[in-house]
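Trainee: I should like to work through this model with you, one question at a time. Where shall we begin?

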Amino acid sequence: MTFSHAVQEMGKWCDAMTGVEGSSGMNGATKQSSQEEEEEEETSEPRRNFTVKQLRHFDGTKEEQLDEDKPVYLSLGGTVFDVSKGRSFYGPGGPYEVFAGRECGAALAKMSFDESLLDDIAACETLGVGDKTELENWLEKFEHYRCYPIMGKLIPDDKLPSSDRVISKEELAKFDGQKEGTPTEDELKGYGTYPIYLGAYNKVFDVSFGGVPMYGKDGPYNRFAGKDASRALALMSFDPNDAANPDISDLEEKQVKVLHDWVKKFEENKGYPIVGRLDKTL
């Protein structure tokens, strides 16, 4: 996440909530030369975590709102690759389009188009010796010969934390986006990057599933990571005092609605998994 992109995102955030273009006063700060923008576009995104539902989005079909084709991602044994350079093979109309946006390690290992083998990472762990070798060959081919970028890791739904567990303030603070790299802890086995928790209303979201550039270390919204950001989100505030204060009991009805709009965006638009709940009520 480059500085200009971060400023643009903050501007969009304020504009979306106020309905007034340029409400943040930061739009003018994002203008750069074409050469600088092109250089920034070459910067790769940090690795992230994916849910099965999020991965399905990246199937190479047209993004109607943007009127452009989506990237083509697929997962091999939980490792998510961007195979957009192979769109003619894996994109719409290609011979392997059934694998686009899917976990297909077991299917490719068995050289099968059987859809019952898709989205099943566990099947990769029970492959026979020959099929396991074939899967390793595919991984080597994708990473070292085709040089498809690794985007992150796919986390099966049954490996996600329960959305019903109660998360304390102290536990929430442990996942503040400051840790980088691939987790080594046993309980985070399979994750592409460390979880980043954000509390909103009574829910805790793991925003490492797509929000690393914004909420990770040095991201523009990192101040909300590891916190109950309900008040700050409701007030659209970057004031550290609001980020540190979870009390929303004195908010007006329209401010509470803004908070609920954020929760809806996190759930429905972003698809961030709910990994617990905060012990609080309005």
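Mentor: We begin with a definition: a residue is buried under 20% relative accessible area and exposed over 50%. Bear in mind throughout that this is a predicted model.

Trainee: By that definition, is Asp67 buried or exposed?

Mentor: Asp67 is found in the loop between strand 2 (62–63) and strand 3 (68–69). Its relative accessibility is 58%. Because exposed means over 50%, Asp67 counts as exposed.

Trainee: Which phi value does Asp67 have?

Mentor: Most residues other than glycine have a negative phi. Asp67 is a residue other than glycine, yet its phi is positive, near 55°.

Trainee: What is the phi of Asp218, and where is Asp218 found?

Mentor: Asp218 is exposed, with a relative accessible area of 72%. Its phi is positive at about 70°, although Asp218 is not a glycine. As for its place, Asp218 is found in the loop between helix 9 (212–215) and helix 10 (230–235).

Trainee: How many helices and strands does the protein have, and what percentage of its residues is buried?

Mentor: The protein has twelve helices and nine strands. Among contacts with a separation of 6 or more, 60% are between residues 24 or more positions apart. Of the 282 residues in the protein, the buried share is 44%.

Trainee: What distance does helix 7 reach from its first C-alpha to its last?

Mentor: Helix 7 covers residues 129–145, which is 17 residues. At 1.5 Å a residue, the expected value is 24 Å. The model comes close to that, with a reach of 23 Å.

Trainee: Within what arc do the buried residues of helix 7 fall?

Mentor: The buried residues in helix 7 are Leu135, Trp138 and Phe142. Seen down the helix axis, they line one face, because they fall within an arc of 55°.

Trainee: Which exposed residues lie on the face of helix 7 turned away from its buried side, and which elements do its buried residues pack against?

Mentor: The face turned away carries Val129, His144 and Tyr145, which are exposed. Just after helix 7, Cys147 takes a positive phi of about 55°. The buried residues of helix 7 pack against strand 4 (73–76), strand 5 (79–82), helix 4 (87–90), helix 5 (105–109) and helix 6 (121–125).

Trainee: How many disulfides does the structure hold, and how far is the sulfur of Cys124 from the closest cysteine sulfur?

Mentor: The structure holds zero disulfides. Cys104 is in no disulfide, and the nearest cysteine sulfur is that of Cys124. Both residues are buried, Cys104 at 0% relative accessibility and Cys124 at 9%. A disulfide needs sulfur atoms within 2.5 Å, so the pair is too far apart for a bond, at 8.6 Å.

Trainee: At which residue does helix 12 bend, and by what angle?

Mentor: Helix 12 covers residues 253–270, and its 18 residues should span 26 Å at 1.5 Å a residue. Its end C-alpha atoms are 25 Å apart, which agrees. The bend is located at Lys264 and amounts to about 25°.

Trainee: Which element gives the most to the largest nonpolar core, and with how many residues?

Mentor: This core has 25 residues, of which Leu198, Tyr215, Phe224, Leu233 and Phe266 touch the most other members. Strand 7 (197–200), helix 9, helix 10 and helix 12 each supply at least two residues. The element that gives the most is helix 12, with six residues.

Trainee: How many residues does the second, separate core have, and which are among them?

Mentor: In soluble globular proteins, nonpolar side chains tend to be buried together. The second, separate core has 23 residues, including Leu74, Cys104, Ala123 and Phe142.

Trainee: What distance separates the C-alpha atoms of Met214 and Phe224?

Mentor: Met214 has its place in helix 9 and is buried, with a relative accessible area of 12%. Met214 and Phe224 are ten residues apart along the chain, and their C-alpha atoms are separated by 10.0 Å.

Key: Residues numbered from 1 in each chain as written. Predicted model: local features only at pLDDT ≥ 70, side-chain atom pairs only at ≥ 80, totals over all residues. Heavy atoms only, no water. Helix = DSSP H or I, 4+ residues; strand = E, 2+ residues; numbered from the N terminus. Buried < 20%, exposed > 50% of the residue type's maximum accessible area, 1.4 Å probe, protein only. Expected span 1.5 Å × (residues − 1). Arc of directions from axis to C-beta. Contact = heavy atoms within 4.5 Å. Bend = angle between axes of the 7 residues up to and from the residue. Core = buried A, V, L, I, M, F, W, Y, C linked by side-chain atoms within 4.5 Å.
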